[in-house]
Amino acid sequence: MVRLPKRSLASAVALAAGVLLATTPGPAGADPIVLPPILDVEPTLGCTQLVPHAVSVDNTPVRLDVRILLDGVPQAEAASAVTAMRTAYSPLNIDVVATYQTVSFTGLDAGGLTQQAKDLYGGRRPAGVDVVYTMTSKNITSEGSPLGNNVAGLADCIGGVRYADRAFAVGERFDDPTTGGTIPLPVRQATGKTMAHEIGHLMGGHHHYASVEGLLAPDPNVMTLMGPTLSVISLKLSTLNTLMVKAHAQLYATP
């Protein structure tokens, strides 16, 4: 499971996460390249995709259906976060389509909230939905992690869109702007950035593909979307994460 820390960059260095950036559109009509199974170590290591599963330079339009579970969050705020997420995904020709459901989950542990989301649907994402995202008003924690309550969101699995029982993530709702970082810095669109980041993991994105290309984003920041901490990321995927996210969308999202 991959966590997005809210504050300290230093505390996130040890995490194997990734950044998303959008670059020049690729040629149309080129199928995603799936790496040979001998290189895809994910089944052995469990949703890590230390070796990318697939890449794509194709710009074929894809619809990504996202079910957003509103745990103490008004739908209007969630819709605003979806608008922010589209800033990162639209350049990849990925159309983010959201549906909403109000829930009332218990506890603060991010993994526990995700388990409640799975239980809601019998352990698997519902028909017609690619990924399920719990947006919560709770200050979430991560049991067993040194980050404690310094967690903005958690994805159940890198590349989780491939699996009906792993296509789940959770993230906090934030005031706009909020503050983050060892030296408090204003973070705008933090709710949307958190959702876009955690769903980026479900689409194969990694922290270790983070990039200074975030300085070229519509909202310039030190890193691209999959950077390791909320206060330094922008709404732009890195060049390398773009290849992975496009491939997962084209292979596993709604036709």
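**Stop one: the disulfide**

Searching the whole structure turns up one disulfide, meaning a pair of cysteine sulfur atoms within 2.5 Å. Before you click, note that this is a predicted model, where local features need pLDDT of at least 70 and side-chain atom pairs count only at pLDDT 80 or more, while totals for chains, interfaces and linings use all residues. Residues are numbered from 1 along each chain as its sequence is written, and side-chain values use heavy atoms, with hydrogens and water left out.

Now select Cys47 and Cys157: the disulfide joins them, S to S 1.9 Å. Cys47 sits in the loop between helix 1 (42–45) and strand 3 (54–55), and Cys157 in the loop between strand 7 (151–155) and strand 8 (168–172), so the pair ties together parts 110 residues apart in sequence. (Helices are DSSP runs of H or I, at least four residues, and strands are runs of E, at least two, numbered from the N terminus.) The torsion about the S-S bond of Cys47 and Cys157 is about -80 degrees, so this disulfide is left-handed.

**Stop two: a helix pair**

Next, select residues 75–89 (helix 2) and 190–202 (helix 4). Their axes, lines fitted to C-alpha atoms over the stretch in contact, lie 8 Å apart, and the helices pack at an angle of about 50 degrees (on a scale from 0 to 180 degrees between N-to-C directions).

Finally, show side chains: Ala81, Val82, Ala84, Met85 and Tyr89 in helix 2 meet Thr191, Gly192, Met195, Ala196, Ile199 and Gly200 in helix 4 (heavy atoms within 4.5 Å).
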